Amino acid sequence: MSQKLTLEQIQNFEGKYPKQLWHLFMVEMWERFCFYGMRGVLAIFMVDMLGLTDAESNLKYGAIQAFVYAFTFIGGIFADRILGFKKSLIFGGLVMVAGNLLIATDPHQFFYYGITLSIIGTGFFKPNISSMVGELYKADDPRRDAGFGLFYSGINIGAFLGGIVCVYLGKQVGWNYAFLAAGIVMIIGVVLFLFIRNELGPIGDSPLERMDPKKRLIREVAVYVGALVCIPLIFIMIHNTAYTDMFMFIVGPLAIIYYLIQLYKIPSSKEKSKFIAAFIMITFSILFFAIFEQAGGSLALFANKNLHSTLFSVPLDPNIVNNSANSLYVIIFSPLLGLVWLWMAKKKIEPNTVVKFGLAFLMLAGAYYIFYSLRFFADENGLSSLEIFALAYFAVTIAELCLSPIGLSMVTKLSPKHLGGMMMGLWFLASAYGQYLAGILGAGMSDPSPTASLTDKLMAYTDGYQQLAIYSLVAGVVVIVLSPFIRKLMQDVK
């Protein structure tokens with residue numbers, strides 16, 4: 001076996017990217033195939049196969065996605081304190097595999113059980129890859145943002161493929177094949193990580209490496225058992241979204257209290273200031289994700305019924321466009337936007353991180369005004385233009401690229417090293433609240449009448465999209481106005 005690399009050897013890499021970055025995004029690529037493949041079919045599956053209404057499907061979708069992201073907060077803490085990123089990732093990946101294969105055996109009977117396992121697995125898998133990417137770089141390495149940009153673009157290949165394959169298999173072949181495909185690619189991801197983990201040196205090792213092996217094993221097993229004990233609890237809360245409401249009202253305040261305790265323990269005032277800045281930006285991201293994440297809920301249901309099935313005269317399932325357009329645009333435009341930022345930096349006119357957050361909201365507002373405009377392109381049957389729908393996703397993607405990759409990088413830069421996993425988890429917990437609100441917003445805009453025509457549904461959904469555009473516009477202006485204050489808190493972090 002080759003000698004384990006030291007952290008210094010890894011971080012003193014030559015060129016633009018460390019080789020480990022390519023391996024990590026290959027692993028994450030397959031997880032994204034699984035995650036986005038499932039995200040795109042959940043709402044349609046629940047309406048078409050489980051008999052739920054649009055509103056019920058939106059609420060359940062929001063609950064499922066909220067728990068996925070909420071569990072990343074818990075998974076991040078246990079990775080920080082006990083398992084380390086490597087063991088957490090392997091455990092999470094295996095549980096995700098079990099969940100998808102369980103649904104594949106019988107989607108009707110085992111859907112909620114399998115989804116529960118997928119939630120737990122994703123919680124242990126998701127926050128750790130991003131945290132390990134952050135550790136490939138020294139704190140002051142200017143190549144970090146470029147690394148996260150490449151990572152973010154690369155993993156969208158998985159999301160793009162998953163978005164096409166799972167929708168096609170689910171709607172054209174059989175729902176069990178969609179879930180089977182997700183399970184198979186997760187097996188590939190876990191096996192690949194087992195092969196490349198030694199190249200990461202000490203990155204992702206358990207923080208309890210020096211503890212007595214028996215004591216460490218007891219703690220690790222306790223985490224695994226505790227995660228599995230949560231299965232019936234999550235199962236119940238997904239089944240009844242009223243319990244989801246209770247959970248979200250409890251876990252948010254607890255997370256804030258935990259954050260405040262950690263903030264109090266930080267001795268340096270500069271570090272405290274940066275920690276506060278990270279929290280403010282994470283809070284703003286909740287609203288962004290509430291609007292952005294209509295993709296798997298209301299927009300998936302809208303695409304399923306209210307769009308023509310041709311794109312520039314080419315026959316195409318609108319749900320494939322809904323589930324893969326965003327990822328395709330990220331792959332194409334993420335490097336181009338990176339070049340634009342570099343050009344602006346040379347001209348000394350590049351907006352800072354906070355202003356980019358504000359611009360993300362303004363672009364999102366533009367996107368939802370385009371979604372709103374679909375009512376003006378509809379025929380007498382309530383079917384509208386797939387081309388305009390795809391155009392709106394271009395604006396959604398530019399908004400995402402102004403916030404998400406920068407946000408991930410920012411969280412790693414503003415957080416003390418020993419709290420990196422926790423803060424990455426908090427970033428994903430904000431996403432959980434965004435998903436939760438996305439479900440509520442999506443349910444609110446769906447027409448409750450069982451006899452509603454496609455035109456009625458078109459008008460109800462586009463009314464909702466207009467409201468979301470207004471929320472985005474106001475949030476963007478507020479963030480840009482507050483940007484000097486937040487920048488001051490960020491100290492020397494750019």
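Here is a friendly conversation about side-chain contacts and a surface patch in this predicted model.

Student: How many salt bridges does the count come to?
Tutor: Side chains of opposite charge can pair when their charged atoms come close. A pair counts here when a side-chain nitrogen of Lys or Arg is within 4 Å of a carboxyl oxygen of Asp or Glu. By this rule, the number of salt bridges is 11.

Student: Asp-54 and Lys-457 meet in a salt bridge; how many residues apart in sequence are the parts that the pair ties together?
Tutor: The distance from N to O in this salt bridge is 3.8 Å. Asp-54 belongs to helix α3 (residues 54-105), while Lys-457 belongs to helix α16 (residues 454-489), so the pair links parts whose separation in sequence is 403 residues.

Student: Is Asp-54 buried or exposed?
Tutor: A residue counts as buried when its relative accessible area is under 20%. For Asp-54 that area is 13%, so the word for this residue is buried.

Student: Which residue forms a salt bridge with Lys-171, and where does that partner lie?
Tutor: The closest N and O atoms of this pair are 3.2 Å apart, and the partner is Asp-317. Lys-171 sits in helix α5 (residues 144-173), so the bridge ties together parts 146 residues apart in sequence, with Asp-317 in the loop between β2 (314-315) and α12 (318-346).

Student: Of Lys-171 and Asp-317, which one counts as buried?
Tutor: The cut-off for buried is under 20% relative accessible area. Lys-171 has 29% and is partly exposed. At 17%, the residue that counts as buried is Asp-317.

Student: Which helix holds both Glu-220 and Arg-216?
Tutor: These two form a salt bridge, with their closest N and O atoms 3.6 Å apart. Glu-220 is buried at 6% relative accessible area, and Arg-216 is buried at 17%. They are 4 residues apart, about one turn of the helix, and that helix is α7 (residues 213-229).

Student: What kind of aromatic pair do Phe-35 and Tyr-36 make?
Tutor: The count of aromatic pairs comes to 34. In the pair of Phe-35 and Tyr-36, the ring centres are 5.3 Å apart and the planes stand at 80 degrees. Planes over 60 degrees apart put a pair in one class, so Phe-35 and Tyr-36 are edge-to-face.

Student: Which helices does the aromatic pair of Phe-45 and Phe-179 tie together?
Tutor: This pair is edge-to-face, at 5.7 Å centre to centre and 80 degrees between the planes. Both residues are buried. They are 134 residues apart in sequence, and the helices are α2 (residues 19-48) for Phe-45 and α6 (residues 175-196) for Phe-179.

Student: Which helix supplies the largest share of the nonpolar patch?
Tutor: The patch lies on the surface, with about 910 Å² of accessible area together, and includes Leu-101, Tyr-168 and Val-191. Both α5 and α6 supply at least two residues each. The largest share is 7 residues, and it comes from α6.

Student: Is Val-191 buried or partly exposed?
Tutor: Val-191 is found in helix α6 and belongs to the nonpolar patch. With a relative accessibility of 39%, Val-191 counts as partly exposed.

Technical notes:
Residues numbered from 1 in each chain as written. Predicted model: local features only at pLDDT ≥ 70, side-chain atom pairs only at ≥ 80, totals over all residues. Heavy atoms only, no water. Buried < 20%, exposed > 50% of the residue type's maximum accessible area, 1.4 Å probe, protein only. Phe/Tyr/Trp six-rings, centres within 6.5 Å; stacked < 30°, edge-to-face > 60°. Patch = residues over 30% accessible without salt bridge, like charges linked within 9 Å, V, L, I, M, F, W, Y side chains within 5 Å. Areas by Shrake-Rupley, 256 points an atom, 1.4 Å probe, with all protein chains shown as cover.
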